[in-house]
Amino acid sequence: MPCATCESQTCFTNEGKMPVGCPELNRDQQATPETTEAFLEYTSTVREKKADRISELIEYARFKGVRTIGIAACIGLHDELRVICDQLKNEGFEINSVMCKAGSLEKKEVGVPSRNLITTETGYSIGAVACNPVGQALLLNKHQTDLNCILGLCVGHDSVFLKHSEAPVVTLIAKDRTNAHNSASVLNNFYGDNFFDRRPIPEGSAEFNKKRIKPIDLFRMIRKKRRGQP
Amino acid sequence: MNPIQCSSCFKQSCVGGGHQEKDYCSSFVHPDVFVEAKQIYAEDKETGLLAKHAAVIESKGYMVWPRLKDITELAKRMEYKRIAVLFCPDLKREAIKTCRILTERGFTVISRVCGVSKTKPQLPEALMSELNELKPDMIVNTGLCVACETEMVNVARVPVTTFIVRDQKLNNNPAAGVYASGKWRDWAKEIYRDKIGLK
């Protein structure tokens, strides 16, 4: 169902004809109008306001009558968590915040191989303690939060937390280590296009790069000279 | 029951496998919860595999791979083939590009706009049940607003990951609001005082 390639967005603009095979055509009219009306009014007013993500969250929490908010955060985003917690406390919510390393589950128990344990393959140090999204979800379930927020969880842990939490979940920040948590910037960027092979290689560049000496070969040449070998 | 406050903890001894003897420390007050969590990792196959592969991917592409690469890598390792892309009509340009990139990697992509339309309005829960019938293996969320996301994502049967967080004011970059705030600047001075040379 290719909604991304649809040119006439009749479902939103109310102009033109719907394309063949559109799922809107087969759908019935709204089933329960009383509950939908309030929700639809709310969404239409929010779109016109063009609000911030966090202020949008506060507005939604007041619309739903939420008292306690749970935040599941990554340990790398502890400073961001403090700022957001302070802002939400000033608005009058009760907040439970859990870091991802709580409970200190070991990586061996999850089944991670030993070469990925303490240092990464790119040369940074991460500990032998794994992230624990199930523990975060169960803790927030125990404290009976009305709404849970994700603040920068990794890709897989994100979906595990969603699966096990009882309260509805919102993401506040999607973690992206290379782009400073601005994950959409990969799509609008020359280097992002280069990373995903979206750019054609300029003419003659492949041959030009072949002729050049690689840094490893340079290193080997210098080492040979030092040893006195020809 | 005291609320859990990891935000006020600065020692972070759980990284080294320990805990603090305080009221707010969760691993000291509720140790039984984490024993229960260990059992779930062992018993539930999907969560165990997801947690394992996420940890491996973190160590493979730490500080090198962008988030979209992480998502494709996870889908490869978990052997997912059908991926559904959910998006808002305001983010159509981004959604087209993600769909193209995912199809080039060899996945079959189902793209679907947010369900709260003008012509035949319906709750997002009902739309999610429509999507469940198509049987995707994974759902990638590329920009939904707060109200739609909470209603939609909880009804999904398959694992959901977010790629883009929608933010109308800050061009889909909600973290920028944190870094621009006055409190962040005050705290950043405290943290980096020695390195910058401020007094």
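Predicted model: local features only at pLDDT ≥ 70, side-chain atom pairs only at ≥ 80, totals over all residues.

1. Chain A holds an open sheet of four strands with parallel pairing. The strand order in chain A is β2-β1-β3-β4. At the edges of this sheet lie β2 (94-99) and β4 (169-173) of chain A, each of which pairs on one side only. From one strand to the next, the twist averages 25°.

2. Within the sheet of chain A, strand β1 (residues 68-73) and β2(A) run parallel and are joined by six bridges. In this part of the sheet, A:Gly70 is placed opposite A:Asn96 of β2(A). Helix α7(A) packs on the sheet, where it touches β1, β2 and β3 (147-151) of chain A. The direction of α7(A) makes about 160° with that of β2(A).

3. Which helix of chain A has an axis that comes within 8 Å of the axis of helix α7 (residues 133-142)? The partner is helix α8 (residues 155-164) of chain A, and the two axes cross at roughly 30°. Angles under 35 degrees count as roughly parallel, and α7(A) and α8(A) are therefore roughly parallel to each other. The crossing of these two helices, α7(A) and α8(A), is right-handed.

4. The contact between these helices of chain A can be listed by residue. From α7(A), the contributors are A:Pro133, A:Val134, A:Gln136, A:Ala137 and A:Leu138. From α8(A), they are A:His157, A:Val160, A:Phe161 and A:His164.

5. Strand β1 (residues 82-87) of chain B runs parallel to strand β3 (residues 138-142) of chain B, and five bridges join the two. Here B:Ala84 stands opposite B:Ile139 in β3(B).

6. Helix α3 (residues 45-60) and helix α4 (residues 67-77) of chain B pack with their axes 10 Å apart, at an angle of about 135°. That angle makes α3(B) oblique to α4(B). The crossing in which α3(B) passes α4(B) is right-handed.

7. Which residues make the contact of α3(B) with α4(B)? On the α3(B) side they are B:His53, B:Ala54 and B:Ile57. On the α4(B) side they are B:Asp70, B:Glu73, B:Leu74 and B:Arg77. The residues of this contact divide into three nonpolar, one polar and three charged.

8. The domain assignment of chain B gives domain 1 (23-64) and domain 2 (65-166). The C-alpha centres of domain 1 and domain 2 of chain B lie 24 Å apart. Between these domains of chain B, seven residues of domain 1 are in contact with eight residues of domain 2. The side of domain 1 of chain B that touches domain 2 of chain B has five nonpolar residues, two polar and no charged.

Terms used. Residues numbered from 1 in each chain as written. Chains lettered and ligands numbered in written order. Domains from an automatic or database assignment. Contact = placed C-beta atoms within 7 Å. Nonpolar A, V, L, I, M, F, W, Y, C, P; charged D, E, K, R; others polar. Pairing = 2+ DSSP bridges. Axes fitted to C-alpha atoms, helices over the stretch in contact; angles between N-to-C directions. Parallel < 35°, antiparallel > 145°, perpendicular 65-115°, else oblique. Left-handed = near helix turned anticlockwise from the far one by under 90°.
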